[in-house]
Amino acid sequence: MAAKTNPGRFFEDYAVGDVLKHAVPRTVSGGERALYHALYPARHALYSSDAFAQDCGLPKSPIDDLAAFHVVFGKTVPDVSLNAVANLGYAEGRWLLPVYEGDTLRSESEVIGLKQNSNGKTGVVYVRTRGLNQRDEVVMDYVRWVMVRKSNLDAPAPETVVPELKKVLAPADLVIPEGLDFSNYDFALAGEPHRWGDYAVGETIDHVDGVTIEEAEHMLATRLWQNTAKVHFDLTFRPEGRLIYGGHVISMARALSFNGLANAQMIVGLNGGAHANPCFAGQTVKAWSEVLDKAETAAPGVGAIRLRLVATKGGTPFELKGEDGKYKPEVLLDLDYWALMPM
């Protein structure tokens with residue numbers, strides 16, 4: 001009889017043009033918000049208060065942008081990264097619609113690139129993923145690339161296809177949620193007085209606080225997003241320790257960035273990102289940011305700010321790469337994103 005279990009796809013199982021429809025749809029609830037805020041020190045007002053969100057022109061408080069991202073991302077893992085060595089990077093990520101309690105999210109991906117590594121044991125798979133709601137509206141899309149093991153080392157290498165991706169989303173690429181209006185924004189309730197005009201391109205911000213990563217919290221978070229990647233759970237795949245899900249580090253760093261960027265409310269674009277070094281339980285994550293660009297938008301009182309968010313496990317703030325051009329060993333995450341901020 002044919003096996004009924006699924007070992008996951010290996011590098012030789014992908015072909016450019018494949019469309020992967022991922023199981024299982026997930027209806028998000030207030031539980032998602034409560035657990036997200038329990039896992040991370042997340043305090044951005046727009047995601048904490050219906051009343052605050054309504055004063056900003058939205059019908060109610062959305063689910064945190066990154067919580068929605070994790071739900072969409074988690075659906076893709078069994079088909080894209082179950083047998084991954086590592087998630088390598090992101091590009092062209094856009095949040096197109098807010099996700100609200102009661103929305104049902106599903107994911108689908110298209111393979112847009114393949115490149116076998118020189119060792120012949122692994123290869124890089126590029127996918128463009130879309131998250132859709134129950135009305136078949138695309139709520140977000142993004143590209144990521146993953147290093148995946150080969151099962152059959154004798155399988156021939158595919159033709160190398162590396163997609164051309166935008167290094168940075170232009171402000172015109174960003175989608176502002178319908179109705180968003182920061183004209184009557186309450187800075188006291190938001191937690192900080194700093195508005196869009198108070199930040200200068202090139203400015204760096206040390207977010208000061210740190211959080212020690214706990215094994216149990218990481219595994220709870222990864223299960224919450226239904227992320228089944230073996231390296232996060234099974235020590236036989238990573239004997240040196242269960243690899244902390246990169247999204248856990250992203251959310252922790254974003255939450256820590258509240259101290260200095262409390263008014264960078266909504267994430268609307270992901271220009272690029274690298275998980276520079278592996279993260280394991282017991283390490284203390286700290287974060288710093290750099291202002292890379294600013295742009296006005298057509299929405300009343302709303303400005304866009306482009307930020308580099310760096311998560312570290314120690315070291316001196318504002319140091320990213322060594323003289324050899326490689327990330328310093330203490331750098332865990334280098335994320336380049338656009339956020340919306342009151343002007």
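**Sheet, packed helices and aromatic pairs**

Arginine 94 stands opposite aspartate 141 in β5. The strands concerned, β2 (residues 84–95) and β5 (residues 138–149), pair in the antiparallel sense over eight bridges. Strands (E, at least two residues) and helices (H or I, at least four residues) are DSSP runs numbered from the N terminus, and two strands are taken to pair if DSSP finds at least two bridges between them. The model is predicted, so local features need pLDDT of at least 70 and side-chain atom pairs count only at pLDDT 80 or more, whereas totals for chains, interfaces and linings use all residues. Residues are numbered from 1 along each chain as its sequence is written, and side-chain values use heavy atoms, with hydrogens and water left out.

Ten strands make up an open sheet with antiparallel pairing, in the order β1-β3-β4-β5-β2-β7-β10-β9-β8-β6. Its edges are β1 (19–27) and β6 (204–212), each of which pairs on one side only. From one strand to the next, the twist averages 25°. Angles run from 0 to 180 degrees between N-to-C directions, and axes are lines fitted to C-alpha atoms, for helices over the stretch in contact.

Helix α3 packs on the sheet and touches β1, β2, β3 (104–116), β4 (122–132), β5 and β7 (266–275); contact means heavy atoms within 4.5 Å. The direction of α3 makes about 45° with that of β5. Helix α6 (residues 246–256) also packs on the sheet, touching β2, β6, β7, β8 (284–296), β9 (302–312) and β10 (331–342), and its direction makes about 50° with that of β10. Eleven of the eleven residues of α6 are buried, so this helix is largely enclosed by the rest of the structure. Buried denotes under 20% relative accessible area, exposed over 50%, and partly exposed the range in between (1.4 Å probe, protein chains only). Among the buried residues of α6 are His248, Met252 and Arg254.

Strand β4 is mostly covered, with nine of its eleven residues buried. It is joined to β3 by ten bridges and to β5 by eleven, running antiparallel to β3 and to β5. Serine 109 stands opposite threonine 129 in β4, while glycine 131 has methionine 140 in β5 as its bridge partner. The hairpin of β3 and β4 has five residues between the strands, and glycine 120 takes a positive phi near 75° there. The hairpin of β4 and β5 also has five residues between its strands, and aspartate 136 in the turn has a positive phi of about 65°.

Twelve aromatic pairs are found in the whole structure. In one of them, the rings of phenylalanine 69 and phenylalanine 73 have centres 5.8 Å apart and planes at 45°, so the pair is tilted. Rings of Phe, Tyr and Trp (its six-membered ring) pair if their centres lie within 6.5 Å; planes under 30 degrees apart count as stacked, over 60 as edge-to-face and the rest as tilted. Both phenylalanines lie in helix α3 (residues 65–80), four residues apart, about one turn of the helix, and both are buried. Together with Tyr90, Trp95, Tyr142 and Tyr245, Phe69 and Phe73 form one aromatic cluster.

Elsewhere, lysine 294 lies over the face of tryptophan 196, at 4.2 Å from the ring centre. The charged end of lysine 321 sits over the ring of tyrosine 327, 4.8 Å from its centre. The criterion for a charge over a ring is NZ of Lys or CZ of Arg within 6 Å of the ring centre and within 35 degrees of the ring normal.
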